[in-house]
Amino acid sequence: MSDHHPTGIKRWLFTTNHKDIGTLYLWFSFTMLLVGGAMAMVIRAELYEPGMQLVEPNFFNMMTTMHGLIMVFGAIMPAMVGFANWQVPMMIGAPDMALPRMNNWSFWILPFAALMLVMPMFMGGDFMQGQGPAFGWTFYEPLSGQYNKLAFFIFAVHLLGFSSIMGSINIIATIFNMRAPGMTLMKMPLFVWTWLITAFLLIAVMPVLAGAVTMMLTDKYFGTSFFDAAGGGDPVLFQHVFWFFGHPEVYIMILPAFGIVSQIIPTFARKPLFGYASMVYATAAIAFLSFIVWAHHMFTVGMPVAGELYFMYATVMIAVPTAVKVFNWTATMWKGSMTFETPMLWAIGFVFMFTIGGFTGLMLGVAPTDFQYHDTYFVVAHFHYVLVTGALYGIIAGVYYWLPKWTGNMYSEGLGKLHFWLSTISVNVLFFPQHFVGLEGMPRRIPDYNPMFADWNAISSLGGFVFGASQILFLVIIIMTIRGGKKATDQVWEGAEGLEWTIPSPAPYHTFETAPEVK
């Protein structure tokens, strides 16, 4: 019988239990968050003042490249898959994921993919000279084609894609085939809906990324010239193919966070989610529109004015379903019986600061103004407001929200709130000044800069160091909660009697002619 319940390392290597696999994803993601965060600290330390202080320019470029790749593919995406593994079966009443062995495999590909991504940094030559990929996280051709260890990077991207596609197939199969009797699609909790739509997005766009890197591979090693102008190719083609993947990818990272926040806000507002159906349709609309706006990343490549006009209109249009979501979250809180426990603080922080990222996105989506903002720190500020105070805040909110359910123990509410306020103040000190230096014209991806940008960069770096240190506190809180603490009861949060983790599916139908029975 011992074979059926392995312990120790075997439990984690061979597990097909959705909760164990979810835990593996979340710990892998947190490890990558700390690795990518350490690289961000190197970037901010170098930019603390003008001049070259700490690192060689190529090493700086390697840090910016690896920071972006690790955060997107190693931290944000695996964390969201971890949440899906833990929560989706429980939310739909399924005993486990539909394809448990494939679930195990889709996780265990990830550490090897991450290893292949970072290995070239340590292969040959002086580490401080920057031997790893140093061509930016978007790996634009023809610059990336100059890199002599490109095959490692390409194979790592393929493995990451395999993992994502397998995880997505599993989630779709689980949701369509394993819902409890009576749970129709329009009764599913919103987190399940956001992941169902995200899974379809992943299956649609990951092969596009695979195609792009395969063309890079044949250009470098097999004599083709897809992106080589000298052989009749077109470097701008790479941008089209990459961003056809890259723009839906942004929504792949944020949609599950929308789902998490849509679970948390109704719980602490003690009201059902306002406009459940409109939230589902808005999510689907965002997913559809994300496929037809890709070239707003490319306004400066010299496309026809008609093309700029189309992509500008399409980009502005995607703001509409996103605004529907923000309105619905706000309406859910309106006149609710609100309390401000740690998960709610992170969720409200998400709504506020993600909206800032949305507004700057609208500015970037308007073609004439994008010519000024393009490739400046304004863009860096915009997407970090979307991905840090958006996706990462959603992840952290979800961890605090479900940690008592996962561990059986309550986290420290005082430390959780300290973590929130330290992070929120410092993240704004870190990223808000970057709007200003961007509008003044400071280009991104440079290790040295004009002294006129020095003051805001120093402030930004100080915010970065505090924000980075705050996440160590998060690690301490998680470990303390796992190891013990006050036992979580059905009530979970003080004064939150009868609150359920899955409250935001639609309220039970009644006519209000008689008061609904409260169980």
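Reply: The model is a predicted one.

Me: Is phenylalanine 139 buried or exposed?
Reply: Phenylalanine 139 lies in the loop between H4 and H5. Its contacts, leaving out residues up to four places away in sequence, include Leu69, Phe153, Leu209 and Phe242. Buried means under 20% relative accessible area. Phenylalanine 139 has 0% relative accessibility, so it counts as buried.

Me: What is the phi of phenylalanine 139?
Reply: Most residues other than glycine have a negative phi. Phenylalanine 139 is not a glycine, yet its phi is positive, at about 35°.

Me: Which peptide bond is cis?
Reply: Most peptide bonds are trans. Proline 142 is in the loop between helix H4 (100–118) and helix H5 (150–177). With omega near 0°, the cis bond runs from glutamate 141 to proline 142.

Me: Where is arginine 270, and what is its phi?
Reply: Arginine 270 is in the loop between helix H7 (235–269) and helix H8 (276–289). With 24% relative accessibility, arginine 270 counts as partly exposed. Its phi is positive, near 55°.

Me: Why is the pair of tryptophan 346 and phenylalanine 420 edge-to-face?
Reply: Planes over 60 degrees apart count as edge-to-face. The ring centres of tryptophan 346 and phenylalanine 420 are 5.3 Å apart and their planes stand at 80°, so the pair is edge-to-face.

Me: Which helices does this pair link?
Reply: Both tryptophan 346 and phenylalanine 420 are buried. The two residues are 74 residues apart, and the pair links distant parts of the chain: helix H10 (residues 342–365) and helix H13 (residues 413–439).

Me: Over which residues does pLDDT stay under 50?
Reply: The mean pLDDT of the protein is 92, and 94% of its residues reach 70 or more. Where pLDDT is low, the predicted coordinates should not be read in detail. The stretch with pLDDT under 50 has one contact beyond four places in sequence, and it covers residues 508–516.

Methods:
Residues numbered from 1 in each chain as written. Predicted model: local features only at pLDDT ≥ 70, side-chain atom pairs only at ≥ 80, totals over all residues. Heavy atoms only, no water. pLDDT = per-residue confidence, 0-100. Contact = heavy atoms within 4.5 Å. Phe/Tyr/Trp six-rings, centres within 6.5 Å; stacked < 30°, edge-to-face > 60°. Helix = DSSP H or I, 4+ residues; strand = E, 2+ residues; numbered from the N terminus. Buried < 20%, exposed > 50% of the residue type's maximum accessible area, 1.4 Å probe, protein only.
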